[in-house]
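Dear colleague,

I would be grateful if you read the notes with the structure open beside them.

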Amino acid sequence: LNRLALTAVIPWLEEYVVEVVPWPGRAALPSFWELVNGTMVTIGSLRFLIVPTEASDHDEWQIPREWVDIAGWTADYYLAVQVVPDENLVRVRGYAPHQAVRLSVLDHDERVYCLEALRPIHMLWAECELCPQKALLSPAPQPLSLTEAQSLIARLADPDLQFPRLAVPFERWAALLVHGGWRQQLYERRQGLVPQWSVLRWIADGISDQAVCHGWRQSRELAGARNVQRMSEPLVRQLVIVGQPYELRVFPVPSPSERAWRFELRSLVGHVPGGFKLRLLTEDLKSFENNEDLALTAADQLYIEVVLERGEGLVWEVEPQPDCYEREILFF
């Protein structure tokens with residue numbers, strides 16, 4: 001339903017606006033759709049949530065609580081989209097601004113906000129142009145420890161558990177979802193996929209399908225390589241930052257421990273501007289010694305070298321944030 005709604009609604013939106021961008025990016029959408037109904041798109045500075053339903057016009061419209069109460073997930077406007085696959089029908093029934101959704105009835109058992117009154121869709125663009133409404137900021141959920149996250153993922157990964165979003169308290173569920181790496185892990189395990197984010201597996205067998213979809217590629221010089229210690233060409237992640245192309249490169253470097261890795265950020269059109277920052281965090285988003293490199297002035301590159309234990313996971317971040325950025329956990 002989400003895929004059908006998105007495929008139909010984006011061309012309709014583009015009749016009125018220049019560009020509609022799925023958030024946080026098309027590659028991440030399956031991990032959302034496995035766990036919660038709805039698709040976010042951005043139009044300029046405004047965020048619209050497409051909420052598909054097979055319900056008739058006379059039924060109330062249900063919006064998952066995740067899209068209203070999780071920091072960073074709130075939309076400015078919510079679009080009610082009726083999908084009738086048997087009739088090849090997708091219809092935008094109406095919309096509601098964030099404030100109206102927040103003030104509607106919250107069904108605590110199903111964790112949905114329930115609306116009966118929708119605003120006519122022909123009013124949407126006039127409202128966006130004349131008096132656009134921005135979403136209220138929601139507090140960030142308390143972060144999970146690594147042990148808590150691993151326990152939750154193991155519990156919720158059972159594909160026979162039809163509604164994992166209702167199986168644990170909302171605050172813990174929200175904290176798991178907002179971490180893109182953990183949400184992706186849960187999605188992959190529920191799909192029965194082999195581990196997709198092992199750097200050593202990428203080097204030995206090629207980049208996994210999921211990682212390719214997220215922009216990673218293997219340098220031509222690495223293809224077929226089997227000895228990590230002899231490799232000098234990096235694994236590469238394509239990025240767009242402030243409208244310019246960059247590469248994040250990851251490769252092993254010689255060290256007595258034989259477990260050292262280098263992360264590099266390079267511009268493809270010149271230098272890395274002053275003020276840019278490359279940062280590494282543990283899997284549960286904690287800092288550690290020498291985990292950042294900041295460009296005080298324009299630089300050829302930013303880089304961080306780390307020595308890792310086998311199986312250890314790292315999350316990379318860049319400031320300013322790249323387009324379509326989602327946290328990833330790379331395992332070494």
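Predicted model: local features only at pLDDT ≥ 70, side-chain atom pairs only at ≥ 80, totals over all residues.

Five strands form an open sheet in the order E1-E2-E3-E5-E6, and their pairing is mixed. Strand E1 (21-23) and strand E6 (89-97) stand at the edges with a single partner strand each, so one side of each has no neighbour in the sheet. From one strand to the next, the twist averages 30 degrees. E1 pairs with strand E2 (residues 39-43) in the antiparallel sense, over three bridges. Within that pairing, Trp 23 has Met 40 of E2 as its bridge partner.

I turn next to the charged side chains. Side chains of opposite charge can pair when their charged atoms come close. How many salt bridges does a search of the whole structure find? The search finds 19 salt bridges. I describe some of them here.

One of them joins the side chains of Asp 76 and Lys 134, at 3.2 Å from N to O. Asp 76 lies in the loop between helix H3 (66-69) and strand E5 (77-84), while Lys 134 lies in the loop between helix H5 (124-130) and helix H6 (146-156), so this pair ties together parts that are 58 residues apart in sequence. Asp 76 has a relative accessible area of 2% and is therefore buried, whereas Lys 134, with 43%, is partly exposed.

Another salt bridge links Glu 292 and Arg 279, whose closest N and O atoms are 2.7 Å apart. Because Glu 292 belongs to strand E14 (residues 292-294) and Arg 279 to strand E13 (residues 277-282), the pair ties together parts 13 residues apart in sequence. Glu 292 counts as partly exposed at 39% relative accessibility, and Arg 279 counts as buried at 11%. Both residues also belong to a network of salt bridges that links Lys 277, Arg 279, Glu 292, Glu 317, Glu 319 and Arg 327.

A further salt bridge is formed by Lys 286 and Asp 284, with 3.4 Å between the closest N and O atoms. Lys 286 is partly exposed, with 46% relative accessibility, and Asp 284 is buried, with a relative accessible area of 17%.

Finally, I come to the empty spaces. Rolling a probe the size of a water molecule over the atoms shows where empty space is left. The count comes to one cavity of 30 Å³ or more, and the largest cavity holds about 70 Å³ of space. Which helix gives the most to the lining of the largest cavity? Helix H8 (residues 180-190) does, with five residues. Among the lining residues are Trp 197, His 214 and Arg 327. By type, the lining of this cavity divides into two nonpolar, five polar and four charged residues.

The largest pocket has a volume of about 770 Å³. It is lined by 33 residues, and those closest to its centre are Trp 23, Val 178, Gln 321, Glu 326 and Arg 327. E1, H8 and strand E16 (313-319) each supply at least two residues of that lining, which divides into 19 nonpolar, six polar and eight charged residues.

The second largest pocket contains about 560 Å³ of space. Of its 24 lining residues, Asn 37, Gln 62, Pro 64, Val 112 and Arg 165 are the closest to its centre. Strand E3 (46-53) and strand E4 (61-64) are the elements that give two or more residues to this lining.

With kind regards

Definitions and conventions:
Residues numbered from 1 in each chain as written. Heavy atoms only, no water. Pairing = 2+ DSSP bridges. Helix = DSSP H or I, 4+ residues; strand = E, 2+ residues; numbered from the N terminus. Axes fitted to C-alpha atoms, helices over the stretch in contact; angles between N-to-C directions. Salt bridge = Lys/Arg side-chain N within 4 Å of Asp/Glu carboxyl O. Buried < 20%, exposed > 50% of the residue type's maximum accessible area, 1.4 Å probe, protein only. 1 Å grid on protein atoms, 1.4 Å probe; cavity = no way out; pocket = protein on both sides within 12 Å on 5 of 7 lines; lining within 4 Å. Points joined across faces, edges and corners; volume = space filled by probe spheres on them. Nonpolar A, V, L, I, M, F, W, Y, C, P; charged D, E, K, R; others polar.
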